[in-house]
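Hi there,

As promised, I am handing over the structure we talked about.

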Amino acid sequence: MKLKEIVKELNLKVITAKDSLDKEVIGGYASDLLSDVIANSKDSNIWVTLQIHQNIVAVASMKNLSGIILVNAREPEKDTVEKAEQENIAIMASNLPAFEVIGRLYALGICGKKQC
Amino acid sequence: MLKEFIGDLHIHTCLSPCGDKDMVPTRIVKEAQNLGLNFIGISDHNSVENIFAVKKVGEKFGVKVLGGIEITSEEEVHILAFFDEDWSLVKIQEIVYENLGNEENDETLFGEQLIIDENDRIIGKNRRFLIGATELKVEEIVDLIHNLDGLAIAAHVDRESFGIIGQLGFIPKELKLDAVEVSPLFRSQPRIKYGVEVSPVSSTGQNLPIVSFSDAHRIEDIGKSFTTFFLEEVTVNEIKKALLNQDGRGVI
């Protein structure tokens with residue numbers, strides 16, 4: 001599934017890298033501990049978090065994640081937005097809490113380690 | 001004259017909800033004196049309200065007490081700050097409280113937050129949610145500390161929770177920390193966690209000075225880890241020089 005389909009289905013607000021929405025999403029990962037994301041997320045995962053520090057962009061780049069969904073209508077910091085534009089990492093925001101966002105992703109067929 | 005000073009800067013009092021009730025000024029200072037520590041730092045969670053009592057007792061027993069605070073950032077990273085001047089402590093307190101939110105501490109869940117005088121008498125309770133996170137970013141906190149002439153140290157960077165590497169994956173290059181602190185467990189525990197190396201040096205590439213303190217919440221933990229500095233006297237400025245190896249000062 002492509003990022004743009006997820007944006008549409010979950011009614012996400014795209015904050016950065018609007019041109020990157022053709023990226024393919026393969027599975028997802030959810031965590032607010034960035035060291036854990038570095039260790040356990042997989043290539044092309046979509047990442048659900050509430051962290052808004054600029055390090056989220058570096059982590060997404062490093063792990064080649066397809067994009068970042070911020071929950072609870074969290075607004076990224078200014079330097080996070082700048083970095084994300086530079087690195088072409090899509091940051092998308094949802095008004096929903098993480099539990100709902102992940103549930104809806106799962107219902108769309110985006111799963112974690114194993115097949116849904 | 002330059003000489004060695006042994007210090008444990010990361011000590012909580014009974015003001016921290018997780019601090020033992022017997023973490024009162026006299027017990028803390030006497031324990032430090034018995035252990036041969038030349039100086040200690042008091043760094044309660046998001047509050048400085050017990051520092052002045054500990055300082056008074058420290059003067060009586062000849063143990064230098066540096067006033068500090070362990071601030072919780074928005075990202076849930078713990079940053080230690082130390083200041084020479086009381087007005088800096090008052091100022092940082094004001095800013096931290098402004099950014100701590102209005103939630104109240106539930107002492108049955110998190111513990112009591114006792115304010116105490118130099119005679120170890122309880123003179124009040126802090127009602128704020130001191131264990132909570134402020135709305136300040138790590139960068140803002142470090143700048144704030146430096147603007148008040150303070151020392152900024154990332155706390156227990158080897159610990160997964162509330163350590164900067166655990167929370168943020170790595171130490172942002174732009175962050176102007178004076179040092180990173182490793183906990184007493186650092187020597188005995190494997191340094192690889194979650195597949196990333198929990199080594200301040202390799203994670204940052206900026207060779208931050210490393211210090212180690214106890215993060216004591218109980219009397220028996222005071223001095224479990226300490227750092228020896230080569231200084232003229234124990235001040236924030238001298239410690240900063242030591243961390244930079246300036247003017248003959250250093251960390252031993």
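This is a predicted model: local features need pLDDT of at least 70, side-chain atom pairs count only at pLDDT 80 or more; totals for chains, interfaces and linings use all residues.

**Strands in chain B**

**A buried lysine**

Next, look at K55(B), which sits in helix α2 (residues 51-61) of chain B. Is K55(B) buried or exposed? Its relative accessible area is 16%, which is under the 20% cut-off, so K55(B) counts as buried. Apart from neighbours within four places in sequence, K55(B) touches V65(B), G67(B), D84(B), D86(B) and L89(B).

**Salt bridges**

Side chains of opposite charge can pair when their charged atoms come close. Over all chains, the search turned up 22 salt bridges. Here are three of them.

- In chain A, K4(A) and D22(A) form a salt bridge at 2.8 Å, N to O. K4(A) belongs to helix α1 (residues 3-10) and D22(A) to the loop between β1 and β2 of chain A, so the pair ties together parts that are 18 residues apart in sequence. K4(A) is partly exposed, at 44% relative accessible area, and D22(A) is partly exposed too, at 45%.
- Between K137(B) and E77(A), the closest N and O atoms of the salt bridge are 3.6 Å apart. K137(B) is in the loop between β6 and α5 of chain B, while E77(A) is in the loop between β4 and α4 of chain A, so this pair joins two chains. Both K137(B) and E77(A) are buried.
- Within chain B, K125(B) and E112(B) form a salt bridge with closest N and O atoms 3.1 Å apart. K125(B) lies in strand β6 and E112(B) in the loop between α4 and β5, so the pair links parts 13 residues apart in sequence. K125(B) is partly exposed, at 31%, as is E112(B), at 24%.

K125(B) and E112(B) also belong to a network of salt bridges together with K21(B) and E107(B).

Enjoy exploring!

Best wishes

Technical notes
Residues are numbered from 1 along each chain as its sequence is written. Chains are lettered from A and ligands numbered from 1 in the order in which they are written. Side-chain values use heavy atoms; hydrogens and water are left out. Helices (H or I, at least four residues) and strands (E, at least two) are DSSP runs, numbered from the N terminus. Buried means under 20% relative accessible area, exposed over 50%, partly exposed in between (1.4 Å probe, protein chains only). Contact means heavy atoms within 4.5 Å. A salt bridge is a side-chain nitrogen of Lys or Arg within 4 Å of a carboxyl oxygen of Asp or Glu.
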